Amino acid sequence: MDMKRVTLIVLDSLGVGELPDAESYGDKGADTLGHIVDTTPDINIPNLRLLGFGNIQEVAGGKLAVAAPTGAFGKLKEQSRGKDTITGHWEIAGLYTEVPFKTYPDGFPASFMKAFEKAIGLETLGNYAASGTEIIQELGPEHEATGKPIVYTSADSVFQIAANTAVIPLERLYEICQTAREMLVGDVACGRVIARPYVLDADGQRNRTSDRRDYAVSPSGKTLLELVQEAGKTVYAIGKISDIFNGQGVTTSVHTESNMDGVDKTIQALKEDFSGLIFTNLVDFDSKYGHRRDPEGYGKAIEEFDSRLPELLAAMGSQDLLILCADHGNDPVHAGWDHTREHVPVVLFGKEVKAGTDLGVRESFADIGATIAEALGAGSTQIGKSFLPLIRV
Ligand SMILES: O=P(O)(O)O[C@H]1O[C@H](CO)[C@@H](O)[C@H]1O
Ligand SMILES: [Mn+2]
Ligand SMILES: [Mn+2]
């Protein structure tokens with residue numbers, strides 16, 4: 001019997017330890033969860049632990065393991081060449097990224113910037129790799145005085161445009177991003193254009209708003225999302241999922257303001273009556289704590305998520321399957337401010353899941369998508385090995 005519904009929640013950047021090739025990414029020794037637990041040894045996450053999160057091989061030195069986990073658990077390797085959000089999510093959904101997305105560590109070519117400035121009728125500031133919260137402090141005053149938007153990138157394939165919404169209204173910023181999206185192809189291909197609106201608060205602080213918007217390229221092939229739709233079922237995207245897949249295979253999409261809003265909207269979706277996939281991304285872990293190198297804040301965010309798990313589980317029906325995973329690491333004690341190449345955790349729970357199943361170490365994130373396709377009777381993804389037979393009661 002097929003399962004009626006799968007809820008897949010990506011805890012964005014919650015990696016569980018370096019991959020064998022981490023060194024080639026400058027990420028030797030990276031361990032997002034492990035280092036958070038080192039910083040907060042008394043981290044209070046009883047619900048995640050009960051599902052078996054701490055029983056995953058070598059996770060946090062075994063300190064979080066419980067005697068009788070109620071879920072199935074394991075960790076997965078990333079086969080794709082990259083450690084960004086798109087690459088991670090696409091692999092989860094059944095696509096390898098063989099050729100990494102092009103990055104611009106020294107900024108975008110001057111010829112492109114000139115053409116872009118002409119197209120938007122504005123000169124720009126920045127055009128270098130930076131932390132988004134720092135660059136708005138540095139260049140914010142000049143941006144606000146001149147109206148020139150701030151362009152920056154990172155170790156990811158991203159063209160990010162930051163602007164004070166009192167200087168460049170939100171809709172105009174989105175238009176500027178659309179223009180960039182259309183132009184960043186061919187020789188200047190780029191995985192994502194990201195709108196980064198911020199406000200200048202009364203106390204002089206520049207704070208980013210939740211109106212961030214991502215403009216990705218379309219997936220390079222058919223994903224799990226399209227398979228689910230082709231099987232006549234709903235794909236309910238929550239948070240930035242729709243952006244990551246450029247809307248391909250998405251039936252309904254809701255924007256979120258925070259991790260807790262994402263959990264609220266996931267619970268709301270669970271209370272609706274449909275069959276298919278609820279696919280949620282909780283980005284605060286990554287954007288508010290991982291990139292900010294804030295292990296304490298990250299730990300608290302995991303505790304906050306953990307405290308909502310009982311509500312999530314209570315909203316599930318008898319034919320529902322819950323899967324928690326991540327898309328890459330972002331070790332908050334690692335050098336720099338970028339993602340880290342790590343294994344990601346997977347935990348599964350539902351009435352039809354055999355409690356305590358140890359999935360060990362799986363070869364690809366794609367095993368998640370393959371499992372979901374099988375669970376929903378939606379054919380099979382291009383890559384990935386379903387572990388459904390291992391977890392079924
Ligand atoms: O430093 P901020 O602006 O949060 O940007 C981070 O977020 C981007 C997209 O997730 C990454 O490429 C990284 O640059
Ligand atoms: Mn991510
Ligand atoms: Mn990130």
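**Annotated sites, domains and helix contacts**

UniProt, in an unreviewed entry, places the feature "binding site" at D12, D327 and H328; such positions are given in the numbering used here, feature names are shortened, and annotations may be inferred rather than shown by experiment. These residues span 317 residues in sequence, yet no two of their C-alpha atoms are more than 7.2 Å apart, so they gather at one spot. D327 sits in the loop between β12 (320-325) and β13 (344-350). Helices (H or I, at least four residues) and strands (E, at least two) are DSSP runs, numbered from the N terminus.

A word on the model itself. It is predicted: local features need pLDDT of at least 70, side-chain atom pairs count only at pLDDT 80 or more, and totals for chains, interfaces and linings use all residues. Residues are numbered from 1 along each chain as its sequence is written, while chains are lettered from A and ligands numbered from 1 in the order in which they are written.

The domain assignment gives domain 1 (5-97 + 220-391) and domain 2 (110-216), with bounds that come from an automatic or database assignment. Their C-alpha centres lie 29 Å apart. In domain 1, 13 residues are in contact with twelve residues of domain 2, contact meaning that C-beta atoms, placed from the backbone, lie within 7 Å. On the domain 1 side, these residues divide into three nonpolar, four polar and six charged. Here Ala, Val, Leu, Ile, Met, Phe, Trp, Tyr, Cys and Pro count as nonpolar, Asp, Glu, Lys and Arg as charged, and the others, Gly among them, as polar.

Now to the helices. How do α1 (residues 32-39) and α11 cross? Their axes come within 9 Å, at roughly 100°; axes are lines fitted to C-alpha atoms, for helices over the stretch in contact, and angles run from 0 to 180 degrees between N-to-C directions. The two helices are therefore roughly perpendicular, a term for angles of 65 to 115 degrees. H35, I36 and T39 in α1 meet P295, E296, Y298, G299 and I302 in α11. By class, this contact has four nonpolar, three polar and one charged residues.

Key
Contact = placed C-beta atoms within 7 Å. Parallel < 35°, antiparallel > 145°, perpendicular 65-115°, else oblique.
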